[in-house]
Amino acid sequence: MQVRADRVSLEGPHGTLLPPTSLTVQAGELALVHGEPGVGVTAFGLALAGRLKPSTGTVTVNHAADAVGDLRKIVAVVDAPGVSEPDGALALRVVVGEELALAHRPAAKTDVARWLSEHDAAAYADTRFENLEPALRTRLLTELAAEREGVRLLVLDTPDRHTSDVGSWARLAREHAERGLAVVVLTATTPDSALPHPPARIGSADQPEPQRCSPGPETAELSAEGDQE
């Protein structure tokens, strides 16, 4: 599975939201994307997910030009400000219940309690979401998104706005890429020198390669053939 943004831009009523930006990411890869704080970074994430129609450029899945429907099924945008971030006043159990229901999964009280227990978060069930530690917040929202049926690309929207601890969200992103998902992390406040590898940049078409975290299809096939010999 490959998602490719080719010189995608977005214009708003008061000017440019997103200058032309390109990125290609495949299953098992982790891409970091850096931009100035503001709506442009989130706009790029929503374009990757087929939630915003580009003013110019295209976003394709496996080279298919008409990909909006597929993108909405396979891409999950995690914690986007003003879009998918939970209401901070809600208890964690309520947020989890809403997320499970949106994913068309069982969301009764017992289902929520079971999910929290399975994800080592039962002790925080009644904690206001805004009071969760940033690492726990990002981990739970990412795991909820990753467990949605059909999701193959996770877009973590500026987890660095909650914490200066880069390692907490970088390890999480890598773990999901190691499991075979494509992962894009949008960053805005972390200095380049603190990022684990060179980021793609908002407003650029010439981007570094994403970091491969799990074997690609060809490598996996060769490994399987070797195991059979």
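Strand β3 (residues 29-34) pairs with strand β7 (residues 182-187) in the parallel sense over 5 bridges; two strands count as paired if DSSP finds at least two bridges between them. Within this pairing, V33 stands opposite L186 in β7. Strands (E, at least two residues) and helices (H or I, at least four) are DSSP runs, numbered from the N terminus. The model is predicted, so local features need pLDDT of at least 70 and side-chain atom pairs count only at pLDDT 80 or more, whereas totals for chains, interfaces and linings use all residues. Residues are numbered from 1 along each chain as its sequence is written, and side-chain values use heavy atoms, with hydrogens and water left out.

With strand β9 (residues 211-212), β3 pairs over 2 bridges in the antiparallel sense, and E29 stands opposite R212 in β9.

The covering of β3 is described next. Of its 6 residues, 6 are buried, and the strand is mostly covered; buried means under 20% relative accessible area, exposed means over 50%, and partly exposed lies in between, with a 1.4 Å probe and protein chains only. In a regular strand the side chains alternate between the two faces of the sheet. In β3, E29, A31 and V33 point one way, L30, L32 and H34 point the other way, and all are buried.

V33 lies in β3 and is buried, with a relative accessible area of 1%. Leaving aside neighbours within four places in sequence, V33 is in contact with L23, F44, V184, V185, L186, T187, P199, A200 and I202, where contact means heavy atoms within 4.5 Å. V33 and S204 are 171 residues apart in sequence, yet their C-alpha atoms are 10 Å apart in space.

Strand β1 (residues 2-12) is joined to strand β2 (residues 15-26) by 8 bridges, and the two run antiparallel. They form a hairpin with 2 residues between them. Strand β1 also pairs with strand β4 (residues 56-61) in the antiparallel sense, over 5 bridges. A5 stands opposite L23 in β2 and also opposite V59 in β4, while R4 stands opposite T60 in β4.

The remaining topic is helix packing. Two packed helices are described by the angle between their axes and the distance between the axes. The axes of helix α3 (residues 92-102) and helix α5 (residues 134-146) come within 10 Å and cross at roughly 20°. The two helices are therefore roughly parallel to each other; angles under 35 degrees count as roughly parallel, over 145 as roughly antiparallel, 65 to 115 as roughly perpendicular and the rest as oblique. Their crossing is right-handed, a term used when the near helix is turned clockwise from the far one by less than a right angle, with anticlockwise giving left-handed. On α3 the contact is made by L92, V95, V96, E99 and L100, and on α5 by L140, L141 and L144. By class, this contact has 7 nonpolar, no polar and 1 charged residues; Ala, Val, Leu, Ile, Met, Phe, Trp, Tyr, Cys and Pro count as nonpolar, Asp, Glu, Lys and Arg as charged, and the others, Gly among them, as polar.

Helix α5 also packs with helix α6 (residues 166-178): their axes come within 10 Å and cross at roughly 20°. That makes α5 roughly parallel to α6, and the crossing is right-handed. A135, T138, R139, T142, E143 and A146 in α5 meet S168, L172 and H176 in α6. The contact of α5 with α6 has, by class, 3 nonpolar, 4 polar and 2 charged residues.

How values were computed:
Axes are lines fitted to C-alpha atoms, for helices over the stretch in contact, and angles run from 0 to 180 degrees between N-to-C directions.
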